[in-house]
Amino acid sequence: MIALYDTLARPLLGLIEPESAHRLAIKGLKVAPLPNRSDDDPLLAVRAFGLNFPNPVGMAAGFDKHAEVPDALLKLGFGFVEIGTVTPLPQPGNPPPRLFRLPPDQGVINRLGFNSEGADAVLRRLAARAGAGGIIGVNVGANKDSKDRIADYVRQIELFAPVASYFTCNISSPNTPGLRDLQQGQVFDELLSRVMEARARIHRKAGTTPVLIKIAPDLTLNELDDVVGAARRHRVDGMMIGNTTVLRPPWLRDRTTAHEPGGLSGRPLFGLSTRMLAETYVRVESAFPLVGVGGIDSGETALAKIRAGACLVQLYSALVFHGFGLVGRIKRSLVDALRSGQYASIGDLVGADAAAMTAEAWPE
Ligand SMILES: Cc1cc2nc3c(=O)[nH]c(=O)nc-3n(C[C@H](O)[C@H](O)[C@H](O)COP(=O)(O)O)c2cc1C
């Protein structure tokens with residue numbers, strides 16, 4: 001079924017305007033008769049922030065923003081699915097066109113700007129599948145016109161606690177003006193205080209729901225020092241590195257599309273996001289686990305993220321160019337790497353190259 005989709009439907013989707021293609025893909029996943037997932041190789045099991053992941057390959061936020069197809073994505077083989085970003089109130093996001101492919105670079109630029117059906121609609125969908133199992137993370141954000149952005153994170157953590165396996169606070173989208181300022185100084189400190197208080201409040205009612213922070217790959221190393229210091233002080237459960245970049249590498253081949261404002265993802269993001277992951281790993285000193293995101297499009301790139309410091313990985317853009325069959329290929333490649341090196345688990349490889357990577361020349 002997945003192979004059929006990748007051979008027939010995906011090349012056609014590649015010819016359609018990107019946002020329409022995305023809507024069609026979601027519609028397709030709603031009706032596709034997908035077989036139940038087969039068990040993952042036990043070598044791929046990862047335990048992180050109190051959760052047991054059957055495999056470390058997750059669907060990144062932004063594909064299923066409104067929780068329309070989380071179970072279809074789990075059936076496609078992902079070890080976990082992150083829905084969202086969700087905002088408390090519905091909002092349309094930026095005017096189209098706002099999603100662009102860069103085929104020669106295997107990159108994507110988006111400036112969607114948190115188009116969200118809003119928390120109530122998403123909560124209804126997740127409540128309807130309660131008990132279906134699988135790890136579903138809820139990625140939360142703030143409304144564009146919010147008077148108190150931090151309150152938007154807190155409210156949604158309280159609201160989604162009964163249905164979320166974990167939370168990601170997305171404070172790194174480049175497409176909501178001023179959102180990335182939440183990563184700075186006192187504001188970041190206040191954000192962490194208030195979301196970790198919310199985590200403690202829900203803990204009393206619904207048990208522990210881990211809270212992760214998703215950062216931008218564009219922070220300076222001084223800013224990263226501060227971010228990691230505050231995250232450690234506030235004992236967050238984990239960090240995701242990271243979101244899309246506002247930078248444009250000089251070697252991009254699709255120069256025309258490269259000028260579109262927005263966040264760049266996919267292959268051109270791999271070097272920067274992997275380096276920032278390694279820089280984060282050496283600063284975190286195993287205080288909490290890291291999720292590696294950005295430019296994963298093969299078993300090798302997934303393994304490189306793990307060796308840079310991630311115990312879990314996520315991907316999105318590569319699916320546009322390679323289809324969902326990529327998930328199975330990455331998992332098989334990881335199993336092969338573990339077997340051939342006689343490693344007992346992913347954990348044996350986490351961060352193996354981090355220190356060496358931080359000594360390399362800065363990636364362009
Ligand atoms: C079209 C699109 C929409 C995205 N929307 C979100 C979002 O709503 N929230 C979020 O945290 N990240 C969002 N992202 C970022 C991805 O989750 C991921 O961090 C980034 O794309 C890097 O991974 P990739 O290179 O595998 O795509 C989006 C990415 C794309 C391409």
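Helices α6 and α7 cross in a right-handed sense; a crossing is right-handed if the near helix is turned clockwise from the far one by less than a right angle, and left-handed if anticlockwise. The model is predicted, so local features need pLDDT of at least 70 and side-chain atom pairs count only at pLDDT 80 or more, while totals for chains, interfaces and linings use all residues. Residues are numbered from 1 along each chain as its sequence is written, and side-chain values use heavy atoms, with hydrogens and water left out.

Helix α6 spans residues 185-206 and helix α7 spans residues 221-233; their axes come within 10 Å and cross at roughly 25 degrees. Because angles under 35 degrees count as roughly parallel, over 145 as roughly antiparallel, 65 to 115 as roughly perpendicular and the rest as oblique, α6 is roughly parallel to α7. Phe188, Asp189 and Leu192 of α6 meet Val227, Ala230, Ala231 and Arg233 of α7, where contact means heavy atoms within 4.5 Å. Of these contact residues, five are nonpolar, none is polar and two are charged. Helices (H or I, at least four residues) and strands (E, at least two) are DSSP runs, numbered from the N terminus. The axes are lines fitted to C-alpha atoms, for helices over the stretch in contact, and angles run from 0 to 180 degrees between N-to-C directions.

Helix α10, residues 299-308, has Gly299, Thr301, Ala302, Lys305, Ile306 and Ala308 buried, where buried means under 20% relative accessible area, exposed over 50% and partly exposed in between (1.4 Å probe, protein chains only). These buried residues pack against helices α9 (270-284), α12 (325-340) and α13 (354-358), and against strands β12 (290-293) and β13 (312-315). Just after α10, glycine 309 adopts a positive phi of about 135 degrees.

Strand β8, residues 166-170, contains threonine 168. Threonine 168 has a relative accessible area of 0% and is therefore buried. Setting aside residues up to four places away in sequence, threonine 168 touches Glu82, Val138, Asn139, Val140, Leu212, Lys214 and Met240.

The cysteines complete the account. Zero disulfides are found in the whole structure, a disulfide being a pair of cysteine sulfur atoms within 2.5 Å. The cysteine sulfur closest to that of cysteine 169 belongs to cysteine 311 and is 18 Å away, which is too far for a bond. Cysteine 169 counts as buried because its relative accessibility is 0%, and cysteine 311 also counts as buried, at 11%.

Technical notes
Nonpolar A, V, L, I, M, F, W, Y, C, P; charged D, E, K, R; others polar.
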